[in-house]
Amino acid sequence: MKQLRPVMFVGTASDVGKSVITAGFCRIFKQDGYYPAPFKAQNMSLNSYATPDGLEIGRAQAVQAEAAGVPCHTDMNPVLLKPTNDKTSQLVLHGKPAGNQTAWEYFMQDDKRQLFEEVKASFDRLSAQYNPVVMEGAGSISELNLRDRDITNMRIALHAGAAVYLIADIDRGGVFGSVYGTVALLPPEEKALLKGIIINKFRGDIRLFEDGRRQLEAITGVPVTGVLPYYHDIHIEEEDSVALSLKHKRQMQGRINVAVVLLRHMSNFTDFNVLEKDDRVNLFYTDNPAEITEADIVIIPGSKNTLADLVAIKNNGTARAITEAYKRNKVVIGICGGYQMMGISIADPYGVEGEPGSMPGLGILPVSTVLAREKVTRQRRFTYRQQTAICEGYEIHMGVTESEKPSPLATLDNGEPDGYFLNDKCWGTYLHGILDNTTVLNDLLLACGHQVGPGQSFDYKAFRSAQYDKLAAHIRQHLDMDAVYKAIRL
């Protein structure tokens, strides 16, 4: 195939759809016979993923790599910021923790020259291997106060010589002001990279926006490449927990009600996407004690600050509701930080998550956890309980959990045990993505009395692949793909 110029999708703001559109283009280029790979220089997210070589990147780039049909790699997301509290984040560089920094330290103490060199090197390696590199920006490209320190938007676009497309979310309103202002604030060399504007999340009859297209083109001097309608039938993983505010559903008759405990520092909530898409299940996120005790299944998710979240749920009554659900013989499970919370105690002797200290857990599982300095990041194949089916998941944690009477939930591909199995209705694990496996999911639903009949199993891997194809078709239908290819052909 002919070599294509890198293409980059940037935004007028955060959460305008950059990640999803980038994934869609990764799929389109794969379908068209190219060998694409995603790239986002810097990501801030508590949703992360383990690469095949045991390193850590943002989950969004792993999703985009899956859409492209290529293995994920740290070069696709060389800088990952994982917030530990309101002011501090863990810096993950090339997949490995590189210390904690406050926002001031990260953004203001230097011009990020060395970090930008690392980012450019990652991009150059990808560009030499893949065709094309499909790049994603972060937030808004018109943050004037951060321009000199920017390593993830137009500065890297200039290095790459990318064809840049500006995405605006018309659903939130103010699209003319946000697009015009964004373009007007770009210096000439950056504006020269803009090849088109994409209006995203349009509701209603697109023909009503024809005048709007012409007006936007007239005031910005940039063509509108297309208008993407709002959709409800395509399901791509969201990047951040912004979307969780839309998932505060309640109990539903005729389905298995699954309550995910809403933690302030929740990480890897994508563990539960499979439940959201399964017609047998009604999934909701809550910290309401009454809703937790009434649910059929209670899941305590991962956390970037396990001790702080444990204190919070003890103070707001959520912890008592979890133990009450357990005593009432409801299904209660924990994943990663949630698994740690279910134990007898958690100790942080090195101050990994804050001040050194320890505290009692929920006392549901007979395990104890010590947080360690070294982070475990590994993709895993495993067998679940006594079953023979090979399952897949991944570990991202900084703790070691042990018990005087081991009762492993799973056996990893290297023979090591994982988790603790108390009974059919109560267990914990370090394996993210464990519920994506049909064997585990069916067993979980069976524990609360749901018999799984022929043809009822849910193949989440096949479901995800179908969603990428639907997204690609949606983009092809509503964007001028001939213009895009014309802009990126060298």
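**Buried strands, a sheet and its cavities**

Modeller: Let's start with strand β10: A163, Y165, I167 and D169 point one way from it, V164, L166 and A168 point the other way, and all are buried. Keep in mind that this is a predicted model.

Biologist: What makes β10 a strand that is largely enclosed by the rest of the structure?

Modeller: A residue is called buried when its relative accessible area is under 20%. Seven of the seven residues of β10 (residues 163-169) are buried, so the strand is largely enclosed by the rest of the structure.

Biologist: And why do the side chains of a regular strand go to two faces?

Modeller: In a regular strand, side chains alternate between the two faces of the sheet. In β10, Y165 is one of the residues on one side, and L166 is one of those on the other.

Biologist: How do you know that β10 and β1 are paired strands?

Modeller: Pairing requires at least two bridges between the strands. Five bridges join β1 to β10, and the two run parallel; therefore they count as a pair. To find a place to look, go to V7, which stands opposite A163 in β10.

Biologist: What about β10 and β11: how many bridges join them?

Modeller: Six bridges join β10 to β11 (residues 194-202), again with the strands parallel. With at least two needed, β10 and β11 therefore pair as well. I167 has I198 in β11 as its bridge partner.

Biologist: Now to β9. What makes both of its faces count as covered?

Modeller: On one side of β9 (residues 133-136) sit V133 and M135, on the other V134 and E136, and all of them are buried. Each therefore falls under the 20% cut-off, and both faces are covered.

Biologist: Which strands pair with β9, and how do you know?

Modeller: Strand β1 (residues 7-11) is joined to β9 by three bridges, and β2 (residues 37-39) also pairs with β9 over three bridges. Both pairings are parallel. Since at least two bridges are needed, both therefore qualify. As examples, F9 has E136 in β9 as its bridge partner, while P38 stands opposite V134.

Biologist: What is the order of the strands in the open sheet?

Modeller: Six strands make up the open sheet, in the order β2-β9-β1-β10-β11-β12, with parallel pairing.

Biologist: Why are β2 and β12 said to stand at the edges?

Modeller: β2 and β12 (224-229) each have a single partner strand, so one side of each is left without a neighbour in the sheet. From one strand to the next, the twist averages 20°.

Biologist: Let's turn to single residues. Why is G433 called buried?

Modeller: The relative accessible area of G433 is 7%. The cut-off is under 20%, so G433 is buried. G433 is found in the loop between β26 (426-429) and α14 (438-447).

Biologist: Which residues does G433 touch, leaving out those up to four places away in sequence?

Modeller: G433 touches D271, E392 and Y394. For these to be contacts, heavy atoms must lie within 4.5 Å.

Biologist: Is T74 buried or exposed, and how do you know?

Modeller: T74 has 5% relative accessibility, which is under 20%, so it counts as buried. T74 lies in the loop between α2 (59-68) and β6 (79-83). Setting aside neighbours within four places in sequence, its contacts are T51, L55, E56, I57, H94 and G95.

Biologist: What makes β22 stand out in the lining of the largest cavity?

Modeller: β22 supplies the largest share of that lining, four residues. By type, the lining divides into five nonpolar, nine polar and four charged residues.

Biologist: And which element gives the most to the lining of the second largest cavity?

Modeller: That is α15, with five residues. The second largest cavity holds about 70 Å³ of space. Its lining includes V63, H235, Y460 and F463, and divides into five nonpolar, three polar and three charged residues.

Technical notes: Residues are numbered from 1 along each chain as its sequence is written. This is a predicted model: local features need pLDDT of at least 70, side-chain atom pairs count only at pLDDT 80 or more; totals for chains, interfaces and linings use all residues. Side-chain values use heavy atoms; hydrogens and water are left out. Buried means under 20% relative accessible area, exposed over 50%, partly exposed in between (1.4 Å probe, protein chains only). Ala, Val, Leu, Ile, Met, Phe, Trp, Tyr, Cys and Pro count as nonpolar, Asp, Glu, Lys and Arg as charged, and the others, Gly among them, as polar. On a 1 Å grid over the protein atoms alone, a cavity is a set of points where a 1.4 Å probe fits but cannot get out, and a pocket is an open set with protein on both sides within 12 Å along at least five of seven lines; lining residues have an atom within 4 Å of a point. Grid points are joined across faces, edges and corners, and a volume is the space filled by probe spheres set on the points. Axes are lines fitted to C-alpha atoms, for helices over the stretch in contact, and angles run from 0 to 180 degrees between N-to-C directions.
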